[in-house]
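Subject: Structure handover

Hello,

Here is the structure I said I would pass on. My notes on what was found in it come after the files.

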Amino acid sequence: MADALVSIVLERLASVLEQQIRQQVTLVVGVKSEVDNLKSTLQSIRAVLGDAEKRQFTEELVKVWLERLKDISYQMDDVVDGWNTALLKLQIAAENPGIPKPKISSCLPSPCVCFKQVFLRCDIGIKIKDIRKQLDAIANERNQFNFVSSSTIQQPHRRMTSSVFDVRQFCGRDADIDVIIDKLLGGSSQESSSLYIISIVGMGGIGKTTLAQLAYNDDRVKAYFHERMWVCVSDPFDPMRISRAILEALQKESSGFHELEDVQQKICTLIADKKFLLVLDDVWTENYELWEQVESSLKGGAPGSRILVTTRNENVSTMMRTTYKHPLGELSKEQCWSLFSNIAFYGRSREKVEELKNIGRKIAEKCSGLPLAAKVLGSLMLLKDNKEDWESILNNEIWQLAVIEKHLSTPLLLSYYDLSPAVKRCFSYCAVFQKDEIISKDRLIKLWMANGYLNSIESIEMEKTGGDYFEDLVSRSLFQDFDRDDEGNIISCKMHDIVHDLAQSLTKNECFILEIDEENEVRMASSFQKARHATCLISTESVGFASTIHNLKYLHTLLAAGWVNSDTARLPPNLFKHLVCLRALDLTWHRLIVELPRNLGKLIHLRYLNLSRNRSLKELPETICDLYNLQTLNVCSCRMLFELPQGMRKLINLRHLEFEDTSLSLPKGIGRLTSLRTLTKFFIRDFCKIGELKNLNSLRGGLVIRWIANVKNAEEAGEAELKNKKHLHHLELSGFGGLASAASKGVAEALQPHQNLKSLKISGYDAATEFPSWIAASSLAQLKKLEIVDCPQVTCLPPLGELPLLEILIIKNMKRLKYVGGEFLGSSTTAFPKLKHLRFNDMEEWEKWEVKEEDDEEEGRSVMPCLHSLKTVGCPKLESLPERLLQITSLQELNIIGSPTLQDRYHEETGEDWSKISHIQRVLAWY
């Protein structure tokens, strides 16, 4: 972890020296030599940090030495980053002659920098010299510890990713699962009007949550209960938060209630006479008065309702008046070996397993029957191919340590020490999140990036590096409980409590969870004064930011998201005056923030700013354009925000501009932000023309272009150069209305995307009578999804059957289309070879759909061999469906809605062609 901080400083030093040479800025005399000395000392210290980090758990003086080193590393980072920002200001002023040159005669915060013509001066030299003296003292002290030097820098190594391997399937708890499910489903002589509570009790890492998850997701349990709710309780036990979580699980949406009484009344209504299952995971409190506030709303369910509790403390089980207590003990030696070996030997040859088995059994014995330890160690050994590496783990001196939590710390530490320094830093940063918090992968990577943890190698995107680090942590079982998107990619995760404890122990004086109580003050220990990363919890909705948060002037991260409603929740006007070292600021869900203080522009280090869901926010200060380092600006769901500041073109480092669920207009000059990777929407206006997209060739993910009618002609449309945007995978072209037919077709032709595109939507294509020629296999060979919506003048579909990878096709509201035949299939040997889902909506004049079998059979041609679902909605004149398609064996779902002729034809009892669809598993037909 300290190694990663030192590496960040070295990288910044190299960057700032390169920049000052490139800009021909002369430094104060002597600073160059001071910087060279700093670099040399840092490099020599870095060589011993591997040994120092291992010894910090047994030698208090080493731990203190490392804390001092981390503190001075943070100070160096602040100074050098401020220096770099000052140079960046000069660059932007030179590139934007119309913008007044920055007046920096007064010193900038941390570091203080000022310019005199082209010379970078002021106290930068003094600060560098002072830091160098402190660092020299730390370097001299290392000699007393006789550290062992290491010249190797470990790189992240992954033998496999988690997308094809889920360690949760190896539980080793079959008997326990059967007992819990039996208690959940079975009647009992003890059952009465009181709540039936089942408690799973056991030490941390023993598998309580996994057992509860397996029971909760069992098909028999799903079928038995009318309602199922899962709530992560953790510590502290907040009745309002827990009750709201129960209500939101019942409603499947956010709760608008803000009083406990209202929430509980609604819960009572929703569970009345229903059999429900409520899981309360990780309960700590022994206070019956707190539990009673939640319990009172849960007594109206039907007989058979159950509450399943997981806890480490038997007293909790007793306090909650448990009906059945299930003590969860260690796995047997064979169960533990089975769990460990299933993970560690996954995908290995029989010969390799035989070679490593004996060593593996000895390692598995060290797990002491704890499932989490077996998973973590198994995941670690999966990355080790050589017998020597396995023996090294078995004989590692760390087994002699006794820290954090008995038995479990050693496997976790072994996995932690096997990480590269950069990934160690990323892992330990996760201590800033609350226990049981759902961690968004995308947000986490952007926070890592904001704090400088992702090395900026020119040929590799920082986001890609962050994704690799995330997958490294996943593969070692340091993350769990994944949510995935439709393609199976992880979008969020959690950390096990014990893993979180390890991260907290590694960042004891760096990462904090700060709680603001009802007196509007932070419960703050003296050690918080030099905190670098903090989550701010507002314990009730009646309080806002505490004034004492100003004391945390060294913070690099402040995550202060929350449902804050009262006037007292407004941001203190001088908040940003004090928190001048911030790299990341999250103010999500502060619903009464109308505007931000102008001194936001003082946060010169800021790289991540999340203002999403501030639905009263009406304006961003122009000073936000002074945040030259800003990488991410998120204003999603800020529905009262309609425009961005005019100076946005100065934010040349901005990579992610997120404003979904808004009607935001982009300012002129947005095309200068060539670092942009995320720009979800682009509204074409008189002051923001489509040509602004020309140089934004780093855009990734998706882009929606609207109001295309504001484009004058094909020449102007061509200025967007969409064909050069090879990283764009999803594109929507919308709003051609107002353009004449020929102009509309010409503009569409000029908007041809890159051939890497995976999904395309064309809507509001009002006047043109035919589609652009690039909707073809030669131009869209990677396309998987296509939507064609509101194209009322088009009378013929293009040869979409030639698209080789198309899986989803949706066609809506083509009012003049009357016939679909061979032109739709194209001329390829297999028409629509990958198509799985086909849908037609609102085709008012469509009469005939033909797939001519005789021609196809002669040629041995296949049509839609993978089709899974076929839907027609609002096609009143369509006479029949192609018999060839109805015979496809993969077809599992057929929906016919709003098509009277088809519904009569395929009616289950009276339809003349019912026999042609009766084999299809799911048929829905109604008027």
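Strand S19 (residues 681–683) runs parallel to strand S20 (residues 701–706), and three bridges hold the pairing; two strands pair here if DSSP finds at least two bridges between them. Across this pairing, lysine 681 faces valine 704 of S20. S20 also pairs with S21, again in the parallel sense, over five bridges, and there glycine 702 is opposite histidine 730 of S21. Helices (H or I, at least four residues) and strands (E, at least two) are DSSP runs numbered from the N terminus.

Before the rest, some ground rules. This is a predicted model, in which local features need pLDDT of at least 70 and side-chain atom pairs count only at pLDDT 80 or more, while totals for chains, interfaces and linings use all residues. Residues are numbered from 1 along each chain as its sequence is written, and side-chain values use heavy atoms, with hydrogens and water left out.

Overall figures

The protein has 28 helices and 32 strands. Of its 927 residues, 54% count as buried, where buried means under 20% relative accessible area, exposed over 50% and partly exposed in between (1.4 Å probe, protein chains only). Taking contact as heavy atoms within 4.5 Å, residues 24 or more positions apart account for 69% of the contacts with a separation of 6 or more.

Nonpolar cores

In soluble globular proteins, nonpolar side chains tend to be buried together. A nonpolar core is counted here as a set of buried Ala, Val, Leu, Ile, Met, Phe, Trp, Tyr and Cys residues joined through side-chain atoms within 4.5 Å. The largest one has 118 residues, and Leu657, Leu693, Phe824 and Trp849 have the most contacts inside it. Strand S21 (residues 728–734) gives the largest share of this core, three residues. A second, separate core has 91 residues, among them Tyr74, Leu419, Met495 and Tyr608.

What does tryptophan 849 touch, leaving aside its neighbours within four places in sequence? Its contacts are Val820, Leu838, Phe840, Leu870, Leu878, Ser880, Leu881, Pro882 and Leu885. Trp849 is also part of a cluster linked by ring pairs, together with Phe824, Phe832, Phe840 and Trp846.

Aromatic pairs

Rings of Phe, Tyr and Trp (its six-membered ring) pair if their centres lie within 6.5 Å; planes under 30 degrees apart count as stacked, over 60 as edge-to-face and the rest as tilted. The count comes to 21 aromatic pairs. In one of them, tryptophan 65 and phenylalanine 147 have ring centres 5.2 Å apart and planes at 45°, so the pair is tilted. Tryptophan 65 is in helix H4 (residues 60–95) and phenylalanine 147 in the loop between helix H5 (124–141) and helix H6 (174–185), so that this pair links parts of the chain 82 residues apart. Tryptophan 65 is buried at 1% relative accessibility, and phenylalanine 147 is buried at 13%.

Phenylalanine 345 and tryptophan 390 have ring centres 5.5 Å apart and planes at 0°, so this pair is stacked. Phenylalanine 345 is in the loop between helix H13 (333–344) and helix H14 (350–365), and tryptophan 390 is in helix H16 (residues 387–394), so the pair ties together parts 45 residues apart in sequence. Both residues are buried.

Charges over rings

A charge sits over a ring if NZ of Lys or CZ of Arg is within 6 Å of the ring centre and within 35 degrees of the ring normal. Lysine 183 lies over the face of tyrosine 324, at 4.7 Å from the ring centre. Arginine 228 has its charged end over the ring of tyrosine 216, 4.4 Å from the centre.

Histidine 326

Histidine 326 lies in strand S7 (residues 324–327) and is buried, with a relative accessible area of 6%. Its side chain makes a polar contact of 2.7 Å with the side chain of aspartate 176. A polar contact is a pair of N or O atoms within 3.5 Å; within protein, one must be able to donate a hydrogen and the other to accept it, and residues adjacent in sequence count only if both atoms are side-chain atoms. Leaving aside neighbours within four places in sequence, histidine 326 is in contact with Asp176, Val179, Ile180, Ser199, Ile200, Val201 and Leu211.

Positive phi

Most residues other than glycine have a negative phi. Arginine 613 has a positive phi, near 65°, and lies in the loop between strand S15 (608–610) and strand S16 (632–634). Arginine 613 is partly exposed, at 33% relative accessibility. Asparagine 813 also has a positive phi, of about 55°, and its place is in the loop between strand S24 (808–812) and strand S25 (819–820). Asparagine 813 is buried, with a relative accessible area of 18%.

Regards
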